[in-house]
Amino acid sequence: MWCSRTALGRLQRIAPCTVTGHHRAMSALPKVYVTRRIPPDGLDILRKSGQVQFELWDSDDPVPRVELLNKVKGCDGILCVLTEKIDAQLLDVAGPNLKVLSTMSVGYDHLSLEELKKRGIRVGYTPEVLTDAVAELTVALLLATSRRLIEATHEAKTGGWGTWRTMWLCGHELANSTVGILGLGRIGVAIAERLKPFKVKKFIYTDVEPRTELANMINAEYVSLDELAKQSDFLAICCALTPETHGICNWNLFSKMKKNAIFINTSRGGVVNQEDLYEALSTGLIAGAGLDVTTPEPLPTHHPLYTLKNCVILPHIASASYTTRNAMSALAANNLLAGLRGEAMPKELKL
């Protein structure tokens, strides 16, 4: 249902309110559609603001496309998550009232930016607040993959744990290693800062251009993509999904990597050619891979990557901490409200 409890409360404090008067007040407020049951901090901000009437898809599962297209008609604002495809079709259906789109995500590959720009629709997103959570999960995934923790747990549970053996379940350690980062931003820096205490010997990175200020924070060296592949003992993928990075992690990259290399992706599934990755892992071209993101999501349970002991797959949980998800929802709500007021958003994507 459309919600603005605070607005109703204010009206009731000012003067006795008839049902007709209440409906007039409600209809004057901007209409917003929230495409998912977002964490409570964001919903509280919307409810208490008294600035919008909003309808919520009150589920942990994505809103069906038909329902989404029906609900956005005539809306002034939309608060979405990364599972909703915001394209020309949806924007046409929403109509000319739509002024603000706020996505509860740092990535924006689910948004048709050209269409949004053409229509003059402002876009808010949620970078930075998830940096620590994603960096922590990346390090956890790296360690779980390189030290074969999932495989070891399975062996312990299923009777594979026998007498002590000299080379059984041996993995690869970080001490004296070279860690490569593809796409050096705040998350890449945060990952490197957390890996430093493991006595990493060297950090290297590749990006569209040198990121000198960020690189100096972790004493990282800028190298070409080929050199990144050749030198890295651990390769962390942190780049955004763009037309230029789509499928950039393919056979050409894997074929240049060390046989003991560990490949970690917590960015977007689309940057990896998964068929090439399967071949690289199954033939021993590289030692292991840890993925928090795949294409599609969820990855079908019959996918060949699941059959490999040297591939750890997580269900896109890098930002899944209580603190971070609440911070993301609060930022998304504040971006939306600021945009509807015509003010500067806390975090606006410049189109």
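This is a predicted model: local features need pLDDT of at least 70, side-chain atom pairs count only at pLDDT 80 or more; totals for chains, interfaces and linings use all residues.
## Secondary structure and the annotated spans

Helices (H or I, at least four residues) and strands (E, at least two) are DSSP runs, numbered from the N terminus.

## Confidence and domain division

The average pLDDT of the chain is 93, and 92% of the residues score at least 70. Residues 1–24 have a pLDDT below 50; this stretch has 29 contacts in the model beyond near neighbours in sequence.

The domain assignment divides the chain into domain 1, made of 31–129 and 323–349, and domain 2, made of 149–158 and 170–309. Taken over C-alpha atoms, the centres of domain 1 and domain 2 are 31 Å apart.

## Aromatic pairs

Rings of Phe, Tyr and Trp are paired here if their centres lie within 6.5 Å, and the count comes to 3 aromatic pairs. One of them joins Tyr108 and Tyr125: the ring centres are 6.0 Å apart and the planes stand at 80 degrees, so the pair is edge-to-face. Tyr108 is in the loop between strand 4 (100–103) and helix 6 (113–118), and Tyr125 is in the loop between strand 5 (122–124) and helix 7 (131–146), so the pair ties together parts 17 residues apart in sequence.

Tyr108 has a relative accessible area of 30% and is partly exposed. Tyr125, at 17%, counts as buried.

## The loop between helix 8 and strand 6

Gly160 is in the loop that runs from helix 8 (149–157) to strand 6 (178–182). Its relative accessible area is 22%, so Gly160 is classed as partly exposed. Apart from neighbours within four places in sequence, Gly160 contacts Glu155, Arg165 and Trp168. Two of these contact residues also face each other: Arg165 lies over the face of Trp168, at 4.2 Å from the ring centre.

Leu169 is in the loop between helix 8 and strand 6 too. Leu169 is not a glycine, yet its phi is positive, at about 60 degrees. With a relative accessible area of 17%, Leu169 is buried.

Helix 9 spans residues 186–195, and its buried residues are Gly188, Val189, Ala190, Ile191, Ala192 and Leu195. The elements covering them include helix 7, strand 6, strand 7 (202–206) and helix 10 (212–218).

Lys199 lies in the loop between helix 9 and strand 7. Lys199 has a positive phi, near 65 degrees. Lys199 is exposed, with a relative accessible area of 65%.

## Cis peptide bonds

Most residues other than glycine have a negative phi, and most peptide bonds are trans. The bond between Thr295 and Pro296 is cis, with omega about -5 degrees. The bond from Glu297 to Pro298 is cis as well, with omega near 0 degrees.

Pro296 is in the loop between strand 11 (288–291) and strand 12 (311–313). Pro298 lies in the loop between strand 11 and strand 12 as well.

Definitions and conventions: Residues are numbered from 1 along each chain as its sequence is written. Side-chain values use heavy atoms; hydrogens and water are left out. Rings of Phe, Tyr and Trp (its six-membered ring) pair if their centres lie within 6.5 Å; planes under 30 degrees apart count as stacked, over 60 as edge-to-face and the rest as tilted. Buried means under 20% relative accessible area, exposed over 50%, partly exposed in between (1.4 Å probe, protein chains only). A charge sits over a ring if NZ of Lys or CZ of Arg is within 6 Å of the ring centre and within 35 degrees of the ring normal. pLDDT is the predictor's confidence in each residue, from 0 to 100. Contact means heavy atoms within 4.5 Å. Domain bounds come from an automatic or database domain assignment.
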